[in-house]
Structures are given as C-alpha cells and as structure tokens.
Amino acid sequence: MQYELKTQVIEPQRSTFTHLVNRYGDKPASRYLEGSVGVQPREHFHYRPTYDPGKELYDETYSVFRLSDPYSFLDPRQYYYAPYVTSRSTHHEAFATSLQYIEDRGLLERLPQEWKDLLGELVLPLRHLESAGQLILCGMARFGYGSTVTQAAAFSGFDRVGNAQILSRLGIALAGGTADLLAEAKTHWLEDEPLQGLRRLAEYTIVEKDWGIALLHLDAVDQLLYDLLYRHLDDEAVTGGAPAYSLFAQHMSSWFADNRKWIDALHKAWRADEELGATNAGLIAQHGELAMDQALEAVTPFAARVDELLAVGAVDRVTARAAEVRQTYAADQA
C-alpha cells in the first residue's frame, strides 16, 4: 500500500471579527485591534451609579473631552497585555543592569554631596508623586470612554508604580541597602516647603472628577519635572561629576518619551474629530493654559531649591519649558 501526502490550504471563512470587518474591511487584523477596538460596554446597564445617578455606569460625559468615534484614537505603540509586559520587563531589566553597575563601581558613594542632597531631598520624594499619578490614571481608566483610551491610561498607571519602584530601589542603594532614605523622603514630601506645591496639586488632581482635565494637569507637571530632572540635570550630571545620576536619569527620560506617544496621539484625535474637533481644541487651549499655570506655580519652588543645591538654572529651564508647552496648547486651537 502506498500513501501520497498532499498539502491542502483551507481558506478561513473570515479574516477577523465582524465589527472589525465593518470598520477596517475584510482583512486580517492585528492582535491589538482585536483586543482593543469595540470592547467598551455600551448597553444593558441595569442600574445607574449611586455616586452619580445622572450618568450611566459607563458614560461619555464623565469628561468635557469627547470623541464622536471613541476608536478614532489608537495607541501608536499598539500595546495590549503581551507587548506591554514584554516592553516593561525589558525596561526594568535594563535599569537593574545599570543599578548593578552603579553599585559595583561605587558610583553612588562617589557622588558629590550636593547631588546626594538633590536625590534625598527632591528626587526620592517624587515616588509619592508617581503614586498620585497612578491614582489619577486609574480614575481615567475607570471613567474614560473607549477601550483604546482606557487601556492606554491603565498601562500608564501601572508605569507609575514601576517609576516609584525605580526611585525606591535607587534610594535603598544610596542608603547602603536600607530604607532609611525612603522614610526621610516621605518626611520631605510631607513637610518641605519646595515640595508642598506639588503635593497640593497632586491631591487636587486626584479628586478632579473630569478625567480629561485631570490628565492635562498631570501631564503639565510631568512636562516640567521630567524635562528638568531627567534631561536638563542629566546634561549637568555628565559634566558635573555625577555619572550615577546620568545612568539613572536615562531610564526615566526614555519612559517619558514612550509615555508621551499615547498622550500626543490622544490630543491629535481630540483635535481631528470631525464633529467635536473645534470644541476639543478650544478646551485643550483653555484647560491646558490653566493646567500649565498651576504646574508652573507648583514646580518653581522645587526648581528654586534645585538651584540652591546645584546652581544649574533650573528656574529658567522650567519657565522656558512652560512657554514651549503653552505654544502646543495654543496650536491645538489653531
């Protein structure tokens, strides 16, 4: 008896889910699209929420920023669970490698005293600001509308936990393997005058009910702080005998650049909406200007303390950066 092996190609009856075919045509869809688009619950809500009976459980009007088509926003990074976890695992493994190098070479012990003071007084307390950022983004993930929006917010909220852990690990390493500096950092966060503006603004933003406005406030602070601490001071550390700071800063600045991709894409989607684009652009200009005013007021005392320690033109830097960001808000309205 002889057997003859043949290859038979079975054509799939459809390339992807029906709602994706209706939106993008009958062609294979990425895992990101299959797991993100059309997931937002829209009907069959049995009860209205007791905390806001005027709205549905999932409701577009939890923010003044709206999209006529929630899925006109797509995360340009195409993050769903698997690629997100892989990306962040790689990010934190790279930080662990840098931290091991810093400890092996004793670079933290060799930091100039003013750079150690900067880390202890101003940088390590920001782990509490990162924690506040997590709460703000969790609120956006809950009350946002459109699963591509809430998914990106949820991942960014998880990132904030990771950022706080990076700061904590740096503090433990700087304290010789103890948590002493982290305890001191909490006291600085609660009591030091240069940090009170940031703490106050973080607490106000946590209880902001409009998730879009809360995101603008959080992002305004980020744009000033991350630029100052992880770009401007990174440059100063390279020439100021603080290579350990530079090695640490590169991981924070690379995260910030990645995080900006989805926020910039969301602003673009708000502005480009065919029905609501002009309204959204006006709201971005209005609330963005207010957010930057409050962020600059909160960050300036912080920057002044940086100048007292290092004399690196920190106040001038945040003032200049605030002016640049204001122009982007105004451009949104143009």
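Is Q286 buried or exposed? Let's start there, and then visit a few other spots in this predicted model.

**View 1. Q286 on helix α11.** Q286 sits in helix α11, which covers residues 277–310. Its relative accessible area is 52%, so Q286 is exposed, the cut-off for that label being over 50%. For a sense of scale, Q286 and S30 are 256 residues apart along the chain, and their C-alpha atoms are separated by 37 Å.

**View 2. Helix α6 from end to end.** Helix α6 runs over residues 147–174, a stretch of 28 residues. From its first C-alpha to its last, α6 reaches 41 Å, close to the 40 Å expected at 1.5 Å a residue. Because 22 of its 28 residues are buried, α6 is largely enclosed by the rest of the structure. Look just after α6 and you will find G176, which takes a positive phi of about 70°.

View 3. S147 belongs to helix α6. With a relative accessible area of 10%, S147 is buried, since that label applies under 20%. Neighbours within four places in sequence aside, the residues in contact with S147 are S36, G38, V39, Q40 and Y71.

**View 4. The largest nonpolar core and a second one.** The largest nonpolar core holds 86 residues, and among these Y245 and F248 touch the most other members. Helix α9 (residues 211–239) supplies the largest share of this core, with 16 residues. A second, separate core has five residues, including L20, Y32, L33 and Y71.

**View 5. A close-up of Y245.** What is Y245 in contact with, once its neighbours within four places in sequence are left aside? The list begins with L111, W115, L118, L119 and V123, and it continues with L229, Y230, L233, D234 and A237.

**View 6. Helices α5 and α8 packed together.** Two packed helices are described by the angle between their axes and the distance between the axes. Here, α5 (residues 126–143) and α8 (residues 193–206) pack at an angle of about 15°, with axes 9 Å apart. That angle makes α5 roughly parallel to α8, as angles under 35 degrees count as roughly parallel. Their crossing is left-handed. On the α5 side, the contact is made by L126, L129, A132, L135 and I136; on the α8 side, L195, L198, A202, T205 and I206 take part.

Note on methods. Residues numbered from 1 in each chain as written. Predicted model: local features only at pLDDT ≥ 70, side-chain atom pairs only at ≥ 80, totals over all residues. Heavy atoms only, no water. Helix = DSSP H or I, 4+ residues; strand = E, 2+ residues; numbered from the N terminus. Buried < 20%, exposed > 50% of the residue type's maximum accessible area, 1.4 Å probe, protein only. Expected span 1.5 Å × (residues − 1). Contact = heavy atoms within 4.5 Å. Core = buried A, V, L, I, M, F, W, Y, C linked by side-chain atoms within 4.5 Å. Axes fitted to C-alpha atoms, helices over the stretch in contact; angles between N-to-C directions. Parallel < 35°, antiparallel > 145°, perpendicular 65-115°, else oblique. Left-handed = near helix turned anticlockwise from the far one by under 90°.
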